[in-house]
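Biologist: Could you go through this one with me? I would like to start with the side chains and then move on to the backbone and the cores.

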Amino acid sequence: TNSIKDTGYNVDNSLRFNIASDDHLSKTFSSAGNQQKFTFSAWVKLSTVFSPETEMSLFSASADSNNFNAITIGRDTGVLRYYEVTSGTTIQDLKTSASLRDPSAWYHILVAVDSTQGTSANRTKFYINGIGISDFSGTSRFGVNTTTNFNSAEAHKIGYYADTNSGEFGGYMSEVCFINNQQLDPTSFGEFDEDSGIWKPIDVSGLTFGTNGFYLEFKQAGTGTNASGMGADTSGNTNHFAVNNLTALDQSTDTCTNNFCTLNPLSANEMAFSNG
């Protein structure tokens with residue numbers, strides 16, 4: 001439906017991540033922002049499901065092997081997960097019961113955090129396609145006023161674990177946003193179409209992104225860490241991400257408002273699929 005109708009707001013580009021070549025984006029912030037309150041939003045289309053590996057990292061941060069975190073999708077389960085490790089101890093491991101297993105669909109994933117909230121369930125909120133998730137298979141949550149690894153002056157990576165050379169993401173991402181100092185709800189990033197009821201993106205350029213906030217539209221095809229690179233930040237903060245192993249061929253026009261037909265690895269698993 002989104003491929004043949006005007007959605008009111010059109011997304012031009014996505015970035016395709018290939019597991020075999022360790023494609024990812026990376027950034028180390030010069031100073032820390034608010035590590036207790038932030039929002040991560042991304043539109044995602046999977047091209048790898050039920051791989052033998054365990055996790056695909058959407059967004060991660062790490063100071064060292066004892067202090068790290070990640071927002072992931074399970075390759076073997078399709079489960080959305082956010083875990084946090086501090087001083088070698090897991091202080092949060094939150095996993096949805098719902099599974100993301102459709103390689104033909106674009107999903108909007110939103111993780112909104114405010115560890116200052118008195119109610120435990122309000123400190124980390126998950127939304128998929130505009131709907132809040134309340135059913136979790138793992139419910140270990142961090143305590144009040146926890147300082148997370150996100151927004152630290154440490155390594156942050158998209159499509160990869162920040163602490164190890166693993167966690168490769170296989171699929172497409174578009175409209176990747178990180179908001180500092182606000183726990184936002186889905187209406188800041190999308191809306192339900194009045195005709196079809198389908199969750200669709202809206203223009204987010206007017207949001208206040210805050211320190212270390214970024215907005216990745218993937219409109220450029222360069223490999224530099226600048227406004228011409230694939231990891232260019234268009235929020236106005238110039239928090240450009242470094243490009244790792246991605247090439248101009250990975251800039252795609254398959255997006256959350258222009259969904260392409262793609263081969264289905266679930267129905268033709270005698271074939272070897274690569275590059276989406």
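Biologist: Which side chain does the side chain of Thr-72 make a polar contact with?

Modeller: Bearing in mind that this is a predicted model, the side chain of Thr-72 makes a polar contact with the side chain of Glu-55, at 2.7 Å. Thr-72 itself belongs to strand E5, which covers residues 67-74.

Biologist: Is Thr-72 buried or exposed?

Modeller: Thr-72 is buried because its relative accessible area is 0%, where the cut-off for buried is under 20%.

Biologist: And what is Thr-72 in contact with, leaving aside its neighbours within four places in sequence?

Modeller: With those neighbours left out, the contacts of Thr-72 are Glu-55, Met-56, Ser-57, Leu-58, Val-79, Leu-80, Arg-81, Tyr-83 and Tyr-161.

Biologist: How many salt bridges does the structure hold?

Modeller: There are eight salt bridges in the structure. Another of them joins Asp-193 and Lys-200, whose closest N and O atoms are 3.0 Å apart.

Biologist: Are Asp-193 and Lys-200 buried or exposed?

Modeller: Asp-193 counts as buried because its relative accessible area is 10%, and Lys-200 is likewise buried, with a relative accessible area of 10%.

Biologist: What about Lys-219, which residue does its side chain meet in a salt bridge?

Modeller: Lys-219 meets the side chain of Glu-217, and the N to O distance in that salt bridge is 3.6 Å. Here Lys-219 counts as partly exposed because its relative accessibility is 45%, whereas Glu-217 is buried, with a relative accessible area of 13%. Elsewhere, salt bridges that share partners join Glu-55, Arg-81 and Asp-93 into one network.

Biologist: Switching to the backbone, what is phi of Ser-87 near?

Modeller: Phi of Ser-87 is near 50 degrees, which is a positive value in a residue other than glycine. Ser-87 is located in the loop between E6 and strand E7 (89-99), and it counts as exposed because its relative accessibility is 59%, the cut-off for exposed being over 50%.

Biologist: And where is the place of Asn-212?

Modeller: Asn-212 lies in the loop between strand E15 (199-201) and strand E16 (214-216). Asn-212 is not a glycine either, yet its phi is positive, at about 70 degrees. In contrast to exposed Ser-87, Asn-212 counts as buried, at 6% relative accessibility.

Biologist: Last topic, the cores. Which residues touch the most other members in the largest nonpolar core?

Modeller: Leu-25, Leu-58 and Ile-158 do, out of the 41 residues that make up the largest nonpolar core. The most is given to this core by strand E3 (residues 37-46), with five residues. Another core, of 16 residues, lies apart from it and includes Tyr-127, Tyr-172, Ile-179 and Phe-209.

Definitions and conventions: Residues numbered from 1 in each chain as written. Predicted model: local features only at pLDDT ≥ 70, side-chain atom pairs only at ≥ 80, totals over all residues. Heavy atoms only, no water. Salt bridge = Lys/Arg side-chain N within 4 Å of Asp/Glu carboxyl O. Buried < 20%, exposed > 50% of the residue type's maximum accessible area, 1.4 Å probe, protein only. Helix = DSSP H or I, 4+ residues; strand = E, 2+ residues; numbered from the N terminus. Polar contact = N/O pair within 3.5 Å; in protein donor to acceptor, adjacent residues only side chain to side chain. Contact = heavy atoms within 4.5 Å. Core = buried A, V, L, I, M, F, W, Y, C linked by side-chain atoms within 4.5 Å.
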